[in-house]
Structures are given as C-alpha cells and as structure tokens.
Amino acid sequence: MQVISALFLLIGSFLCLSGGIGILRFPDFYTRMHAVGVTDTLATAMILIGLILISSDFLVDVKLVIILLMTLFISPTASHALANAALHNDLAKKDKKSNDEVTSSNS
Amino acid sequence: MLIAATIAILVVMIMATIRAIMGPTVYDRVLAVNMFGTKTVLLISLLGFVMGRPEFLDIAIVYALINFISVIGVLRYSDNFTLKKSEAQKK
C-alpha cells in the first residue's frame, strides 16, 4: 500500500510541477489558464488519493474524500468563471493584438 | 515521498506567486491566486500527514471553501465598472 501511495503522490507532484511551469512559461492568458485548469484538478485528486491510501483512520478518510469532492466541483467552476469574466471584458482582442505584434516582430 | 510532494508543492506555490506579481492583466493574477489557494489546501493536508496530526484536514476543508468564495467574489467585482475604469486610466 505504501508503494502505491508513493506512486500516486509522485504522479501528483509531477502534475503540480508541470502546471507551475505552465503558468510561468506560456505566452498568453488563455494558454496559462489551460495549463492550470487541466493539471489542478487531476493533481489534487492524485495527491489526495495517495493520502487516502496511507491513512489508517476512517474519519480521516471521510475528510479527505470531502476535500476531493469539493475540489472536483470547485476547480472547474472557478476556471469557467474566470474564462467567462475574461471573455466578457474583451481580453481576447487585446491578447490577439499583442500576439500579432509579437509574431510580426519575430518574422 | 510525503516530504518530496510537500517540497514540490512549495516550489509550485513560489511559481504561482511570481506569476501573481508580474502578471500583465488582472485575470492572470486571479488565476495565480486561485492556483495558490488550491495548492495551499494540498499543502495543509500533506503537512498534517507529515507531522502526524490529521486534524489539520478540517482547516484544509475550510480553506478550500474560502478560496472558492474569494475567487468568485473578485471576479464579480472585476465585472464592475470601477476596475475597468482604473485599468483604462493606467493605459
């Protein structure tokens, strides 16, 4: 059980790190949101499943499952609200323009 | 492995803080803060297991709820008139 838990924790840490690198390195807002929104939920689920596997108390298991369910509902909702707000405030146009400037200056 | 995961999450939190400081728009900052909050929930639960005190999970539950409410609140506020106006004045 320890080995399986370590495997889950390792996968979760890798996903966390890739999300962190994504939020630092990607060029514009929507790609950054893609990196974070995709990795956040799965990394949280992996790490919490890894913790459930090594816990011995039933109450601790229940609390971890509550956190897992809450994250599964909350994280996509927050991502959706964020993308919606960014779209409604015309962030797409500005970003597109700056990207065009970047590509034209590169070429 | 618990300690390695804790260190990885700390590194990711530092990355999110850097993006929150230098993010060009408000939404980048909100995104980084949201990610920071999610990673804080994970960090609290991992630290509870590292230190052998799983009562920390209650704090993690409360922190997840506070994080969600704060992100939604800031987004509702950014739909407001004032923030747009201050952004336009900056440019």
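Select helix 3 (residues 58-88) of chain A: at 1.5 Å a residue its 31 residues should span 45 Å, and its end C-alpha atoms are 45 Å apart, which agrees. The expected span is 1.5 Å times one less than the number of residues. Helices here are DSSP runs of H or I, at least four residues long, numbered from the N terminus.

This is a predicted model, in which local features need pLDDT of at least 70, side-chain atom pairs count only at pLDDT 80 or more, and totals for chains, interfaces and linings use all residues. Residues are numbered from 1 along each chain as its sequence is written, while chains are lettered from A and ligands numbered from 1 in the order in which they are written.

Stay on helix 3 of chain A and colour its buried residues, among them A:L64, A:I67, A:T71, A:I74 and A:A78. Buried means that 20 or more other C-beta atoms, placed from the backbone, lie within 10 Å of the residue's own.

Next, go to B:G37 in helix 2 (residues 26-50) of chain B. B:G37 has 20 other C-beta atoms within 10 Å, so B:G37 is buried.

Last, show helix 1 (residues 2-25) of chain A with helix 1 (residues 2-22) of chain B; their axes come within 9 Å and cross at roughly 15°. The axes are lines fitted to C-alpha atoms over the stretch in contact, with angles from 0 to 180 degrees between N-to-C directions. These two helices are therefore roughly parallel to each other, a term for angles under 35 degrees.

Note on methods:
A residue is buried if 20 or more other C-beta atoms lie within 10 Å of its own, exposed if 12 or fewer, and partly exposed in between; C-beta atoms are placed from the backbone. Angles under 35 degrees count as roughly parallel, over 145 as roughly antiparallel, 65 to 115 as roughly perpendicular and the rest as oblique.
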